[in-house]
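This briefing covers the ligand site of the structure shown below.

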Amino acid sequence: MEVIVVDNEQDGAELVADTICNLVAKAPTTVLGLATGSTPSATYAELCKRSEFGLDFSRTTVFMLDEFLGLEPDDDSLYLNSIRSWFTDPVGIPREQVHAPDSCTQDIARECKEYEEKIRAAGGVDLQLLGIGRDGHIAFNEPTSSLGSRTRVKTLTDQSRWDNAEGFNARQAASQALASSIDEETRSTWQPDPEQVPLHVITQGIGTILEAKHLILLANGSHKSDAIAATVEGPITSMVPATALQMHPHATVVVDQQAAAKLQLIDYYQAIHAAKIHLQPRIT
Ligand code: F6R
């Protein structure tokens with residue numbers, strides 16, 4: 001596993017955007033696996049800037065890691081709608097090439113099976129971008145998820161519902177029958193409400209994620225430092241699902257100083273990076 005410690009979130013976003021751009025420039029039909037949540041948003045903003053300078057994403061295919069169950073197709077909190085507005089629509093990836101598990105499915109087992117088949121039919125994921133939960137989850141593989149798991153339904157932990165509650169403020173507004181013209185001051189008083197976050201999700205399994213050719217896990221902030229230390233330096237355990245990355249032949253962890261703060265071998269990781277000779281593989 002390669003660990004790259006960057007000065008701040010923006011540097012991490014630029015590094016990951018560089019990697020994705022290099023890949024798409026070399027292979028326009030690249031299959032990207034994408035995460036949502038707050039961590040990758042700066043990377044997506046960076047990619048949108050790059051596409052304005054002419055990088056063509058129109059032949060790229062995208063598979064989302066996970067999706068909330070039971071949300072309506074027009075719900076802003078749907079991960080598919082988030083990725084469309086943050087990244088895939090602005091850079092011109094046709095919507096039929098952007099895949100997420102169907103949040104409204106009436107046949108979950110079939111939906112999960114077909115999602116796996118779609119990934120396989122596309123030739124697998126070339127580069128999978130991952131965030132990490134403070135409990136070490138990747139996608140929504142919560143602690144004790146099987147390290148061999150495939151796409152399936154998971155029940156979110158209370159912590160994950162809390163951590164996602166902010167993105168559900170619009171639903172809170174709707175549930176409180178507030179008019180959309182509500183002023184900023186009132187809006188700023190809304191408290192995140194975990195009850196607004198669906199309890200169930202469909203998520204790629206850890207076994208599914210490990211089949212991607214390259215994994216990049218991005219993390220920022222001191223609230224991620226325990227999870228990062230356990231992921232990189234702890235024993236492989238389903239209690240910290242991200243430790244499964246240790247078994248992947250090409251996994252890169254990109255962390256800012258705060259998220260890296262509890263790594264015992266941080267000096268070594270920085271020395272490796274500084275001493276790289278041109279024959280050694282880089283993040284790409
Ligand atoms: C979302 C996902 C999750 C998030 C994780 C961190 O698609 O896969 O694993 O990456 O919950 O979320 P943030 O980035 O909001 O801290």
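**Ligand site and pocket**

The model is predicted, and the values here are computed from it. The pocket holds about 770 Å³ of space, and the ligand is surrounded by 14 residues.

**Residues around the ligand**

- Thr39, Asp66, His137, Ala139 and Lys224 are the closest of the 14 residues that surround the ligand.
- Sorted by class, this shell contains five nonpolar, seven polar and two charged residues.

**Polar contacts and burial**

- His137 places a polar side-chain atom 2.7 Å from an oxygen atom of the ligand.
- Asp66 also contributes through its side chain, with a polar atom 2.8 Å from a ligand oxygen.
- Thr36 takes part through its backbone: a polar backbone atom of Thr36 is 3.0 Å from an oxygen atom of the ligand.
- On its own the ligand would expose 410 Å², and the protein buries 90% of that area.

**Lining of the largest pocket**

- The lining consists of 33 residues.
- Those nearest the pocket centre are Thr36, Gly37, Ser38, Tyr79 and Asn164.
- Strand S4 (66-68), helix H3 (79-91) and helix H5 (158-164) are the elements that each supply two or more residues to this lining.
- By class, the lining residues comprise 11 nonpolar, 15 polar and seven charged.

- Thr36 is among the residues nearest the pocket centre, and its backbone has a polar atom 3.0 Å from a ligand oxygen.
- Asp66 is one of the closest residues to the ligand, and its side chain has a polar atom 2.8 Å from a ligand oxygen.
- His137 is likewise one of the closest residues, with its polar side-chain atom at 2.7 Å from a ligand oxygen.

Technical notes. Residues are numbered from 1 along each chain as its sequence is written. This is a predicted model: local features need pLDDT of at least 70, side-chain atom pairs count only at pLDDT 80 or more; totals for chains, interfaces and linings use all residues. Side-chain values use heavy atoms; hydrogens and water are left out. A residue is near a molecule or strand if one of its heavy atoms lies within 4 Å of it. A polar contact is a pair of N or O atoms within 3.5 Å; within protein, one must be able to donate a hydrogen and the other to accept it, and residues adjacent in sequence count only if both atoms are side-chain atoms. Accessible areas come from the Shrake-Rupley method with a 1.4 Å probe; for residues, only the protein chains shown count as cover. Ala, Val, Leu, Ile, Met, Phe, Trp, Tyr, Cys and Pro count as nonpolar, Asp, Glu, Lys and Arg as charged, and the others, Gly among them, as polar. On a 1 Å grid over the protein atoms alone, a cavity is a set of points where a 1.4 Å probe fits but cannot get out, and a pocket is an open set with protein on both sides within 12 Å along at least five of seven lines; lining residues have an atom within 4 Å of a point. Grid points are joined across faces, edges and corners, and a volume is the space filled by probe spheres set on the points. Helices (H or I, at least four residues) and strands (E, at least two) are DSSP runs, numbered from the N terminus.
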